[in-house]
Amino acid sequence: MSSNPPALSAPALSAGLQYSELRQHELRKSRVMMIDGNLTLNGRSSEGGTSARVYRDGYWGFASVPGTGADAAQRVGRQAHDNVQAMARFGQRSSVALPVGAYRGEHVYRGRQALGQAEIQDRLAALNAWCKHRYPGLKSIRFVVADEHHSKWLATSTGGQSLASIQRALCQVVFVAQSADGAPVELVEQVSGKGSLADIDWSIDTLAPQLDELHRHLRAKCEAVPARGGLQTVVLAPPLAGMLAHEAMGHPCEADIVLGGAVTGGLLGQRVASDLVSMVDFAHRYQGDEVMIPVYADDEGTPARDAWLIKNGILTEFMNSRETAARLGAAPTGSARAYGPSDEPLVRMRNTAILPGQSTLDEMIAGVDSGYLLMKTANGQADSTTEFMFGISLAYEINNGKLGPAIRDTTVSGSAIKVLQSVDAVSNDMYWSCSGYCGKKQPMVVSMGGPALRARAHMGGE
């Protein structure tokens, strides 16, 4: 697909159609893995396609085809029209007048020239050799580097014409050691950012301090003790706070999930967190700088704006598409996003974060008589009631305000609302990551962030 915007037109509003859109979407991905100096994966993929969506009498008609060009645009336009007619056979459905906002503009990420495959492999081999020499006790060293690039051209019946570009890259390092009882112990560190692998800094000089810290934590984890189960005072390090914001509170603030019965639907204007907690899904800027996953216009062509989900502990709004905004009587936020060329836009997060507070992490730890510092998570899940459970892959005891031994892999769980209501300290730093995917019928590139939080939550353990 050319970098020059094609001449796109949304399907004509004929036969009672109330809204239409046409999208041409290119997605390129690369992923390279090296394990103990051996190249085990070297993959590249590219896909492009055209999709159309139309709205009539409360139903959406969607269609997509591989390829681009005028013929593809005409074909998906006809198919989308046929599909909305077919949907009408399910019976009458309440229809809403969709907001008519439109965005016109182009936002293309222009980074450094992409790295060649040989250079990527050489850099991985150099990193592996450096780690093997510096940390001779490791049982295994694994590296994964990846990047992906999305280009989306969009035309809407409201007059929208836009080109959006999102590009992100990551470098992941996994160290594996052996505990005293012979069990494998591993920890992960990763660097992520906007652009390609040429734009993020994964040089040895930059990674060395982080890898030294990772190795120190791994050694501590090899001598870990069991956690005490039950309700505990926990200090959630920034990556954990970002996960809590995204998984446990972010999804229940997506308006389609609200309309589906999420507990948050009846809590608008009510307290759901401590007054120390404010949470925002940022569209494209934070404190004047462009965020990792900038969305200036969503995949419905709606101008994107920040969604202030929680302000000083009060639930203030939800993330919306055109339709959910109309059904909830709210202003759209530009949150309808599609991952791939054949995906239909859904209400999705963009750059979700809890805002920094006034405390330092050291002060927060010093204020805990008995509890835990939770530093890294391996996975997480949550539901529309805000109940969550996260796996904890790195954590330390806190005794009398000081860090104690590392603890074995465990879980932290609870109701996000109750946990956020118990927050009594928020750190003054900010962490961002765009290394993962969000899952909701289709994957999605997102970023998440936050400061550290001190709260009460349930720990798995003895």
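Select V280 and then A353 of strand 16: the two are bridge partners. Now widen the view to strand 9 (residues 279–282), which pairs with strand 16 in the antiparallel sense over four bridges. Pairing here requires that DSSP finds at least two bridges between two strands; strands are DSSP runs of E with at least two residues, helices are runs of H or I with at least four, and both are numbered from the N terminus.

Before going further, note that this is a predicted model, in which local features need pLDDT of at least 70 and side-chain atom pairs count only at pLDDT 80 or more, while totals for chains, interfaces and linings use all residues. Residues are numbered from 1 along each chain as its sequence is written, and side-chain values use heavy atoms, with hydrogens and water left out.

Is strand 16 (residues 351–354) buried or exposed on its two faces? N351 and A353 on one side are buried, as are T352 and I354 on the other. (Buried means under 20% relative accessible area, exposed over 50%, and partly exposed in between, with a 1.4 Å probe and protein chains only.)

Move on to E247 in helix 4 (residues 238–250). E247 is buried yet has no salt bridge, and R348, the nearest side chain of opposite charge, is 8.7 Å away. For charge, Lys and Arg count as positive and Asp and Glu as negative; His and the chain ends are not counted. A salt bridge needs a side-chain nitrogen of Lys or Arg within 4 Å of a carboxyl oxygen of Asp or Glu.

For a pair that does meet, select R53 and E344, whose salt bridge spans 3.9 Å from N to O. R53 lies in strand 2 (residues 38–56) and E344 in the loop between strand 14 (336–337) and strand 15 (346–347), so the pair ties together parts 291 residues apart in sequence. R53 is buried at 3% relative accessibility, whereas E344 is partly exposed at 29%.

Finish with D409 and K221, joined by a salt bridge of 2.7 Å, N to O. D409 is exposed, with a relative accessible area of 53%, while K221 is buried at 8%.
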